[in-house]
Amino acid sequence: MAELVRNDRKTIFGWAMYDWANSAFSVTMGAIVAAFFSSVIVGDEGWNGLSAETIWAWVISGGSTVLFLMMPILGAVADHTSSKRRFLRTSALAGAVFVLVAPFVPDGAVPWFILVVLVAHIGFVASNVFYDAFLPGLTTEDTIDRVSSKGFAYGYVGGGLYLVLALGLLLASGEGGLTGLSSSGAARLAIFGSGVWWAGFALYALRYLPETGEALPLPPRYRHFRPWRAYTAIGFGRTLVTIRKLRGFPQLLLFVAAFIFYNDGTQTVIYISGSYAADTLDLDITVITLAFLLVQFVAFGGALFFGVMAERIGPKRAILWSIVVWALVSAGAYFLPAGQALPFFLAAVIIGWVLGGIQALSRSLYATMIPEGSEAEFFGFYSVFSKFSAIWGPLVFGIVSNVYGSGRPAILSIVVFFVVGGVLLAKVDVDEARAARSRWEAH
């Protein structure tokens with residue numbers, strides 16, 4: 001075990017590099033996997049009477065439900081055992097292995113593809129719980145916004161560079177292509193490569209992140225249990241205690257409520273846009289991948305811009321501005337013409353600019369409002385809030401698109417989540433929430 005040195009450049013570099021590592025999977029999930037699922041695994045005829053767009057929306061919603069149940073337990077166990085680094089490594093490598101398996105699922109094997117992608121996604125989100133939990137210990141209050149933004153910026157560049165490689169592969173494949181691969185074969189290879197990228201750079205990043213703290217002994221009443229059962233009981237117990245305590249911290253709860261709504265809108269747009277572009281806008285995988293590439297590189301500048309903006313006007317106001325833009329873009333997506341790439345590219349640029357701001361600043365603002373010493377537990381809750389919110393947007397999108405037979409009415413439902421989230425966030429007293437941290441132990 002070692003003691004983390006706050007604001008250490010090498011440690012922060014290693015921490016940010018994990019975002020570089022896993023972003024290859026996250027962008028491939030949105031840009032390639034969703035479109036590949038729609039066009040190859042499901043196909044134009046659909047599956048059991050459902051369109052690929054509807055199925056994908058419900059897959060995201062179902063996966064978020066599983067993660068909603070898992071994350072607080074993992075976070076609490078990581079705090080109790082002081083094993084954030086070990087949990088990060090295990091979950092990241094497990095997720096990457098299932099990404100490597102996904103390209104070998106045959107056409108039409110919808111249930112198998114869904115299962116493999118869900119397990120990979122669970123590994124991705126679980127690893128982010130432990131990754132996020134490092135943030136408060138790496139920084140001080142005056143640097144946390146900038147470091148959080150730096151992590152996302154690294155992610156956007158890393159994911160963007162991988163998409164450049166994937167896009168080159170897609171453009172050089174297909175009929176008359178240089179690689180000799182079919183378009184679906186190239187997509188399969190691009191998915192496989194994202195798993196290699198994730199695993200390789202994760203191992204590199206972990207070299208710079210020490211395990212910190214000391215593991216606590218098991219309470220006497222759990223010592224006769226098997227380890228997995230003991231830690232599960234501890235996790236549930238700590239989770240229930242935290243839930244009871246949170247009732248006495250209304251401003252933190254209000255932020256959580258706001259986050260649930262506006263993050264629901266954000267996550268739905270991120271995960272549904274590839275399927276929406278393929279099914280509703282009739283765009284091919286190459287165009288969709290290029291749009292996601294634009295998002296990645298624009299988001300790099302956007303994350304840094306909003307980090308500076310937060311220092312000048314405060315993270316809360318910066319997030320509110322971002323929410324306004326998100327709502328306008330979501331409403332505008334209803335009017336995007338089918339078969340035309342340029343309007344879709346324009347929407348991608350706008351989304352890229354505000355994506356980094358809402359993600360990085362929400363994370364850092366939350367980190368300044370939680371008690372020290374329970375970071376993994378509370379970032380487990382943060383991930384729970386994220387996954388809980390991600391249940392409802394895709395679920396509503398899937399229902400509306402299935403009822404109307406089109407994703408256009410469904411995309412308008414997302415605007416409601418941004419409006420409600422923005423109104424609730426405007427009511428949060430950030431100073432009061434931060435001051436309440438000193439009362440946590442006494443509560």
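The model is predicted, so local features need pLDDT of at least 70 and side-chain atom pairs count only at pLDDT 80 or more, while totals for chains, interfaces and linings use all residues. Residues are numbered from 1 along each chain as its sequence is written, and side-chain values use heavy atoms, with hydrogens and water left out.

**The whole protein**

Display the protein as a cartoon. The protein has 15 helices and zero strands; helices (H or I, at least four residues) and strands (E, at least two) are DSSP runs, numbered from the N terminus. The radius of gyration is 21 Å, close to the 22 Å that the globule rule gives for 443 residues, so the protein is as compact as a globular protein of that length. That radius is taken over C-alpha atoms, and the globule rule is 2.2 Å times the number of residues to the power 0.38. Along the principal axes, the C-alpha atoms fill a box of roughly 65 × 45 × 40 Å.

Of the 443 residues, 59% count as buried. Buried means under 20% relative accessible area, exposed over 50%, and partly exposed in between (1.4 Å probe, protein chains only). Contact means heavy atoms within 4.5 Å. Among contacts with a separation of 6 or more, 85% are accounted for by residues 24 or more positions apart.

**The largest cavity**

How many cavities of 30 Å³ or more does a search of the whole structure find? The search finds three. On a 1 Å grid over the protein atoms alone, a cavity is a set of points where a 1.4 Å probe fits but cannot get out, and a pocket is an open set with protein on both sides within 12 Å along at least five of seven lines; lining residues have an atom within 4 Å of a point. Grid points are joined across faces, edges and corners, and a volume is the space filled by probe spheres set on the points.

The largest cavity has a volume of about 1000 Å³. Select Gln 267, Ile 270, Tyr 271, Leu 355 and Gln 359, which are the closest to its centre of the 47 residues that line it. Then colour helix H9, which gives the most to this lining, with eleven residues. Other helices that each supply at least two residues include H4 (110-133), H12 (341-367) and H13 (375-404). By class, the lining has 28 nonpolar, 15 polar and four charged residues. Here Ala, Val, Leu, Ile, Met, Phe, Trp, Tyr, Cys and Pro count as nonpolar, Asp, Glu, Lys and Arg as charged, and the others, Gly among them, as polar.

**Residues within the helices**

Select Thr 289 in helix H10. Is this residue buried or exposed? Thr 289 is buried, with a relative accessible area of 0%. Beyond its neighbours within four places in sequence, Thr 289 is in contact with Ala 31, Ile 32, Leu 163, Leu 167 and Leu 170.

Move along H10 to Phe 306, which is buried at 4% relative accessible area. Leaving out residues up to four places away in sequence, Phe 306 touches Ala 318, Ser 322, Trp 353, Val 354, Gly 357 and Leu 361. The C-alpha atoms of Phe 306 and Ala 318 are separated by 6.7 Å, although the two are twelve residues apart along the chain.

Now turn to Leu 169 in helix H6, which counts as buried at 17% relative accessibility. Its C-alpha atom is 6.3 Å from that of Ala 186, 17 residues apart along the chain.

Finally, select Asn 7, in the segment before H1, and Asp 282, in the loop between H9 and H10. Phi of Asn 7 is near 65°, a positive value in a residue other than glycine; phi of Asp 282, also not a glycine, is positive, near 55°. Asn 7 is partly exposed, with a relative accessible area of 32%, whereas Asp 282 is exposed at 60%.
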